[in-house]
Structures are given as C-alpha cells and as structure tokens.
Amino acid sequence: MTVIKTKVDRRSFLKTSALAGGGLMIGFNWACSPSAEVKDPASAWFDINAYLTIADNGEVTIMSPNPEIGQNVKTSMPMLVAEELDVDWKDVIVKQAPLDNAFPRQVAGGSQSIRSSWKSMRMAGATARRLMIETAAKEWAVDVNSLTTKGGYVLNGNKKLSYGELASKAVGIEIPEEVTLKEPKDFTIIGKSQKNVDLDEIITGKPVFGIDYKQEGMQYAVVLRPPAFGAKLKSFDDTEARKVNGVTDVIQFGDKVAVLGNNTWAAMKGKKALVADWDMSGRLEDTPYHDSEMNKLLNKRAERPSRSDGDALKAMASADKVFEKTYEAPFLPHNTMEPMNFFADVTGDKVKLVGPIQTPAGTRGQIARLLEKSPDDITLEMTRMGGGFGRRLYGDFALEAAEISQKANKAVQVVFSREDDMTAGTYRPASKYKFRAAIKDGKLTGYHLSGAGIGRNNWVRPDWFPAGGIENYLIESSYVDSNITTGAWRAPITNFLAVAEQCFFDELAAEMGQDAVQLRLDILERAKNNPVGEIDYEPEKMIGVIKLAAEKGNWGKAESGVSKGFSAYYSHNTYVAEVADVIMKDGNPIVKNVTVAVDCGIVVNPDAAINQIQGGVVDGMGHALYGDFSFINGTPQASNFNNYRLIRTKEAPTVDVHFVESLNDPTGLGEPSLPPAGGALANAMAKATGNRLYKIPFVKDQMVFG
Amino acid sequence: MATYQLTINGKQQTVEADADTPMLWVLRDHLDLKGTKFGCGIAQCGACTIHMDGNAVRSCSIPVSAVSNAEITTIEGLSKKADHVLQKAWVEHDVPQCGYCQAGQIMNAAALLQRNSSPSMDEIETAMNGNLCRCGTYNKIKAAISSAASNL
C-alpha cells in the first residue's frame, strides 16, 4: 500500500470553492515525495497547484499541466488523476492548464513528464476521492472506513451518492493527513488504452495548434534573418516590400527585418521583396572545418577523462589486437511539421503570448528580461504543438514575436516559412566517436571511447553501458567552439552516440568471433554481479530487454533472405532493445520490420505507448538513413523538403512492440526507442550488403532505400 | 487584388485576394478554415492537401486564380459529423501523435479510397508517399486506411 502525506502544512493544502452553476472546484497545493528509487531530480519535494473541478452532473474537468508536443501527456497525465479519483474516463474533460508558477515542471523534454508526475498526479486524484468519501460519511453519518467508491460514486452498502451530488457539499470538509493510493492490480484506467483527448479536434481540422491562433486585427510577421551564421545586416531597402498588397509595416530589429502583413502570404511576399546587404566579414564556418577540428580532437587526449577505470591505455599497449573504428554524424534540423511560430501582443505594461513552446516558464522569463517587464505581467497560453523534438525548448521565435509587437505596437504572429525553419535552427550538433577495444587471449580487456562534437562538451554517457562491465575503461569528451546555434534534438547526444556504440559492439563481436547479443550479455553480467566502479543504469533491466528482443525477433534463427541487426540502449530511464530485419530487393536493402522490447515500468496508456515507440524507431532510422545537413561559409546547404530528405511511408518499417511486464513506477517513452534504432538498422544492412556504415547519412542523395 | 467566387465545402464564398495567393492562405487567413496546414509551401509534404473536384491537390501550390468553378473540399467539409469512414478509422486506431499532418493524410487517403475502394498495401504506400509524418505514425496511418477500406 502506498500512503502519501498530503501536506506538511495542512492549512494551505486544499482549497475548495463552489462553482457558480453548482459543483466544486478543488485547488491543490501540496508537497509530495516521489519514489526513493528516483535519483533525479535529487531533492524532489514537489509543490504543485493543480485544478480539478467536479460538476453537479458528475463531469470531472482535469487541467493537464504540461505542454503537448505529440508525446500524448495531455491524455496520459490526466489518466493518473482520474484513476485515483475513481471516475469513469468517459466523464472526464481535459483542458490544457495555463502557465502557472505553482506547477513544478511545465516542460516537455527529457521524457520526464510521466515519471516526474506519477505520484503527484495520482495524489491529486486520491485526495479528491477522499474528499468525496468524507463528505458522504457526513451526509450518511457513518464511519468513512465503511465507504468505498466506484465510477464516480461513493458506495454505502446498497446506497450510493454521485460525486456530482456531493460536490457542492464538500466545500470546507477537512481531509486527513494521509491518503492511500491504489495498488496497480486495482487500476481500471491506467494500463488500458485511452484515446488521445484531442483526437476529434485533430481529425476535423479544429484550430488547436499555435499557427492556427488568431486575434482580431493581428498582423502576420515574416522575418528576414542573416543568410549565414556569422553574417550581420549592413543595410536594407524596403521600397518594393512596402508596395506588396497587404504589407502594413517593415521593422528592423538587430540583424533582422520583419515584414508585417494582414495575411501570411502578403508578409511572405514582402519579405522576398526586401533587398538586404550583408556583412560577411565575420567568422563563417563550414563542414570541412568542423570535420578537421573534430578529427584533431579524436586523436589527442582530452584535458580530463570523463571516466577512467583501471588502465585502458596499458591494456591497449599489452593487447594482442587493438580494434578501432570511428563513426560520424552531421548536424540535423528538427523539422517539426508545424513551422516555428508565436503570437505576441505587447500593450502598455501587459504582454499576452500564445503559441507552441516546450519551455513556457523559461520563455516567459526571457521575454520579461527582453522587454524589461515583470513575469507577472506576462500571460502565456500553451497551444498544442505540431511536433517539438527539442526545437521548441528554445524560445527565439517567441522573443522575436514579443520584440516585433513592442516595436510595431501591434499584435503579431511570427510565422517561419519552411526555409526559415530549416536555416535558422538550433541544430543537433555534428559529432564523431572513436572507439578502441583491447583484445587479449580472445577476451575484451580494455575499452576507450573518445567523443568530439560541435558547440558543447557533453558527448559521452560515461556511467551507462558498458560501464561496470569492462576492467580497463576510459571515456573522453571534447568539443569545437562554434557560432552555429545548436541544442537538444530528440534524445540529445544519445541519438548518435547509441548508433555509433551499438555498431561498434556488433563489429567487435564479429572480430572476436562472438555472437553480438552474447557479447553484450557477458559485459552486463559482469556489470551486474561485480561492477567495476559505480554505474548509473540497471544491468538486470538491460539484460531483460535484450533477451526479450532476441526471443521475439528470432535472433540467431536463420530466416531465408532476412539479415538481422541487433541494438540495445538505455536512456531517459527506459531500457530498449531492437532487432531490425533487412531484406534485399532488386539489389537494394529494405528494412521490413523492427522488433522492439521495452522496459518502461508500468505502461500507462498502451496504444499511445506503442505509437511513441514506433515513431521513435521510424524517426531514428529515417535520420540515420537520410539526415544530411552541412554548412558552407556559415550557410546551411538544405532549406526545404526538396533538398532535405525525411523518411516517407514506403521506407518506414513495420514496428512490432513488446513490453517487459513490470510493476515499477513508469518512465518516459518520448525518446528512448530512437537511440538504438540506427544501430540495429546499420548492423542489419552490414549483414545484408557486406558493407559496414560509418557515416550518417547512410544513404546519399535520392538513392533507393525501401 | 481581385474578387473570386469560390465553392468551398458546398458553400459559396467571396474572397478578395491577389491572383497569386495560394489556396492554402485563402483558406487559412481569408476564410478562417485553419484545418488545412502549412508545412513546406512547395508541395513536398502534403500537410496542405485539399480536394479540388474530388482530386487531392496541394493547396500551397494552387493559386486562387486557378480554382475558378472547381468544388473545393477541406478537412472541415469532409463529413458533417466527423463520421467519414477514414475519420472513424483514425479514431479506432488512435493514429495521431502531434496531429499536425493528419488532416492532409486523411484528405489524401480519402481521394485514394474515392478512386480505389480496395487498395493493396503497395497502392496505399504509393498513394500516401507524398505525405510526410515527422512523428512517424506511418504504421498506424496504413492500418487505419486498410481498415477504412474494409469498412466501405
């Protein structure tokens, strides 16, 4: 039984108020400790203000706190509340909560929404349920322990009272210091597939996305930005732009020029008609420069190792053979299907912001600093997002909207064209990994990984697999400074680190004459039973998904014409293993199917979970195959889908998902199936074609794949 | 600027716009029909797919002046009660992730089923290859189209 304290200071714990039309609104404000097993966040006492209303007809409205980018938290987080409240899911209405300082983490990122809210959202529901029971006990003058609940009713033998009937009587009722959460075996909503709460709006074309937002009289703003990273605006001529029908204003801010129009097309045409002169004398980087700088770093020692167990260099020196391979990946744009956009209306002291943003609180803070206003004078409404993938962690487009609105003294919506979106990105930075393995007497005696990439120095995950499983182990990371904006891209760092690592282990197993799965299992057994140093993953869980994927994916069993590739990776607290099946057709490799095993603890919403996992695999394989993005003189060399290839339906494999049965608290699914996908694919392609792949994109130009 | 008489979702509409204005922006900005989505502007992603006399077209690349008397259908006009066989299949399979490309996917699939009521998987893939889904919901999209076809 999980018992949770409701609040240290009970006076401020719960505020109930009557709704005008009958019914009850409950405002929670509580502290709640998440599971002790959770290592991060470390000092985890949440202080949450959530809102729940129960109408007199029994309808329950749950405010969903976090931004929705397609990871489906707008459905799955309210499911946690509804489960403990003990109502029918069909009686639940979900609304997007506003940005509110009382919520602890209104962020979409790191696959953390469900993991970090597992106890707190359930507690909201359990507390409200207890309030209904206390109210009913008073009505019937019976002991609370004689009462139960089901489907939105409090039950007392043959008698029952609906939550709707009780709601208006619950104002001022006290609840005890402790409430009890359900045991997983008693769940009726969690673990059962529930449909996306915005499904009807999406399939009928309702205006739910940021770009759909409209306020009477607002102007559309399309922005001319420097054509290259490192370029500056010298001067511009807007004579022709101002002649375009519908163009209402042209505004310079910094090195950018915004064209305002009374429709998007007018603003886009106006921007094209601008004539700008750019100062290109600054530092303009290109891909060959990045390549040579990263190669230099891979061939020298980092200032300080990220981790060193034993003596890997000595192991290399005394090895029978040192097996070495280098893997490389380019920058990547995010390419959310909904291009960047944001609405801002700066009037006097007040600022109204509406749009798609993964970090609403941080962005509001930045805008407050930019406009020299108090965050309290800024409202921010989160819309549904047409994809995030990390791009909408960065609020540059929202800051642009705020600055333009202030300068123009008008409400504006900034809209990026696809070209703007792809060429003014915060890219996944390019990176390279050099792996070395020492082999002596047929055994793996040493491991040395050097990672190097652009813009920041966090290229390795030193305490994850294979840490703890290899006696002599050296991990290093170094970076190349750059003026190209880079940032998080779905499964940051690991989106390529995992591909490289899992390709290397495949090749290493072949070199050692071992089975690729068995080599991983041998390392994990060591890490589990007698780890070398501290590790930050659970080998047992990794072994579990590896064995499940191998079984379901028929690893080691010959299938005529099918080449299989294996990969396993732990990230974002979730364990994933994948088997890719590649066949040859007319001389070309085709990935037909991917078998995936996942350990994410309790699966909250199974169909939606499968959707995330399938999407991550398709995304990971698509970008490994086709992701091709380079710079010449600071200028991105791809700008739209005619010269940048994304995976399409013909090329996408079927994805067969299997979950490890678990009663552990749930972890996230927005990212973890992506990192292992490229490695499974490359390993299967190597078997099918005889060619090892070391550089992304695996497929150049319009070559056929799939 | 010119005045255009358009037939959209069975309704007569009058629009004042420049001749080169793509139907995408006429629908979204002039007529407030926001269901048709902007993705690339060059007919490469399919997010803006609408029907013109029953054929799936990319509204970002059809200027308003080229529409004349054609019957335009958008996602808002595909059915009256969200009960088109594809919309029902989309619910059954809970297809969307972010949802942004889905209107274009449904409109393209609807035109496919109009001309081929029992498409093979190959035919579905060929017809749908012009519609990008960045979230990678292709498995579910194909399953939904297959089950919609079987319910025709």
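Tutor: Across the interface of chain A and chain B, 34 residue pairs are found in polar contact, with both residues of each pair at pLDDT 80 or more; that threshold matters here, since the model is a predicted one. On the side of chain A that touches chain B, at least two residues each are supplied by helix H4 (199-204), helix H6 (264-273), helix H11 (418-423), helix H15 (606-626) and strand E32 (654-659) of chain A. The largest share of that side comes from H15(A), with 8 residues. Sorted by class, the side of chain A that touches chain B has 23 nonpolar, 23 polar and 14 charged residues.

The extent of the interface can be given in residues and in area. In residues, 60 of chain A are in contact with 51 of chain B. In area, about 4,800 Å² is buried between chain A and chain B, and carbon and sulfur atoms give 55% of this. Within the part that chain A buries against chain B, A:Ile203, A:Met337 and A:Thr649 supply 16% of the area, more than any other three residues.

Charged pairs also cross between the chains, where the rule finds 6 salt bridges across the interface of chain A and chain B. One salt bridge joins the side chains of B:Asp18 and A:Lys269, at 3.3 Å from N to O. Over all chains, the structure holds 51 salt bridges. Another salt bridge is formed by the side chains of A:Glu139 and A:Lys169, with an N to O distance of 3.5 Å. Because A:Glu139 lies in helix H2 (residues 113-140) of chain A, and A:Lys169 in the loop between helix H3 (163-167) and strand E12 (178-181) of chain A, this pair ties together parts that are 30 residues apart in sequence.

For a helix pair in chain A, consider helix H12 (residues 494-512) and helix H13 (residues 516-529), which pack at an angle of about 105° with their axes 8 Å apart. H12(A) is therefore roughly perpendicular to H13(A). On the H12(A) side, the residues that take part are A:Gln502, A:Phe505, A:Asp506, A:Leu508, A:Ala509 and A:Met512, and they meet A:Ala516, A:Leu519, A:Arg520 and A:Ile523 in H13(A). By class, the contact of these two helices has 7 nonpolar, 1 polar and 2 charged residues.

Some backbone details in chain A complete the account. A:Phe465 and A:Pro466 are joined by a cis peptide bond with omega of about 5°, and A:Pro466 has its place in the loop between strand E25 (443-454) and strand E26 (472-480) of chain A. The peptide bond from A:Ile696 to A:Pro697 is also cis, with omega near 10°, and A:Pro697 lies in the segment after helix H16 (677-689) of chain A. Finally, A:Asn335, a residue other than glycine, has a positive phi, near 55°, and lies in the loop between strand E19 (321-329) and strand E20 (341-347) of chain A.

Technical notes
Residues are numbered from 1 along each chain as its sequence is written. Chains are lettered from A and ligands numbered from 1 in the order in which they are written. This is a predicted model: local features need pLDDT of at least 70, side-chain atom pairs count only at pLDDT 80 or more; totals for chains, interfaces and linings use all residues. Side-chain values use heavy atoms; hydrogens and water are left out. Contact means heavy atoms within 4.5 Å. Buried area is the accessible area (1.4 Å probe) that two parts lose on being put together, summed over both. A salt bridge is a side-chain nitrogen of Lys or Arg within 4 Å of a carboxyl oxygen of Asp or Glu. A polar contact is a pair of N or O atoms within 3.5 Å; within protein, one must be able to donate a hydrogen and the other to accept it, and residues adjacent in sequence count only if both atoms are side-chain atoms. Helices (H or I, at least four residues) and strands (E, at least two) are DSSP runs, numbered from the N terminus. Ala, Val, Leu, Ile, Met, Phe, Trp, Tyr, Cys and Pro count as nonpolar, Asp, Glu, Lys and Arg as charged, and the others, Gly among them, as polar. Axes are lines fitted to C-alpha atoms, for helices over the stretch in contact, and angles run from 0 to 180 degrees between N-to-C directions. Angles under 35 degrees count as roughly parallel, over 145 as roughly antiparallel, 65 to 115 as roughly perpendicular and the rest as oblique.
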